[in-house]
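Take a moment to look over the sequence and the 3D structure below.

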Amino acid sequence: MSKKETNFIRFAVIGLMSTILHADTNVALLHSVDSNAQIRLSYQNIPFVCKPAGIIPLETMALQAPDSQECQTRIDAYYRSHPSDRYYGAQRLHRQQTYHFKMIKEGCVLYGNGPESYSEMLLRKGLALIDPLFDNPEWNARLRRAQKGAEIQKKGLHDSQIRVLCIKEEK
């Protein structure tokens, strides 16, 4: 075998191995952050909307609340007292920058801070709760750990009446 053939085979094997190792994670370009609950990206020049997987952000809670008007009033009051939290996603993620993402059945996992996903970032800040219908063994423990940290430090909605008003607790 010639030296060129040997090098070609080496590069082909390395390329195949790296493709297999990174097959489920892709890179997308961030276009805009509409809210903490919705991000616009493009993958291979195809635009799509990424909604964080496994969580219920504050923006979505009011739509699902038993008393949506009172819930929305409390969320608005929280955002008035913490204006930077309303635009948390826009502050942490930067337009025209690429981010790794993974599509799972329950939504989109966007890696916004190294190995930490955007869902974990929102939970850790207290701007979301874990969706009770979400059941993904790969992500359950990570999301619970992030939410527990916000509960202990009384961040975001854990320091207000939002959880009581906006989430219907099953007994």
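The model is predicted, so local features need pLDDT of at least 70 and side-chain atom pairs count only at pLDDT 80 or more, while totals for chains, interfaces and linings use all residues. Residues are numbered from 1 along each chain as its sequence is written, and side-chain values use heavy atoms, leaving out hydrogens and water.

The largest nonpolar core has 41 residues, and I39, L58, M61, I75 and L110 touch the most other members. Such a core is a set of buried Ala, Val, Leu, Ile, Met, Phe, Trp, Tyr and Cys residues joined through side-chain atoms within 4.5 Å; buried means under 20% relative accessible area (1.4 Å probe, protein chains only). Beyond its neighbours within four places in sequence, I39 is in contact (heavy atoms within 4.5 Å) with residues including L30, F48, L93, L110 and Y118.

Now for the spaces. On a 1 Å grid over the protein atoms alone, a cavity is a set of points where a 1.4 Å probe fits but cannot get out, and a pocket is an open set with protein on both sides within 12 Å along at least five of seven lines; lining residues have an atom within 4 Å of a point.

| Space | Volume | Lining residues by type |
|---|---|---|
| Largest cavity | about 40 Å³ | five nonpolar, two polar, no charged |
| Largest pocket | about 540 Å³ | twelve nonpolar, six polar, seven charged |

The cavity lining includes F134 and W139. Of the 25 residues lining the pocket, I56, Q64, I130, D131 and P132 lie nearest its centre.

Conventions. Buried < 20%, exposed > 50% of the residue type's maximum accessible area, 1.4 Å probe, protein only. Points joined across faces, edges and corners; volume = space filled by probe spheres on them. Nonpolar A, V, L, I, M, F, W, Y, C, P; charged D, E, K, R; others polar.
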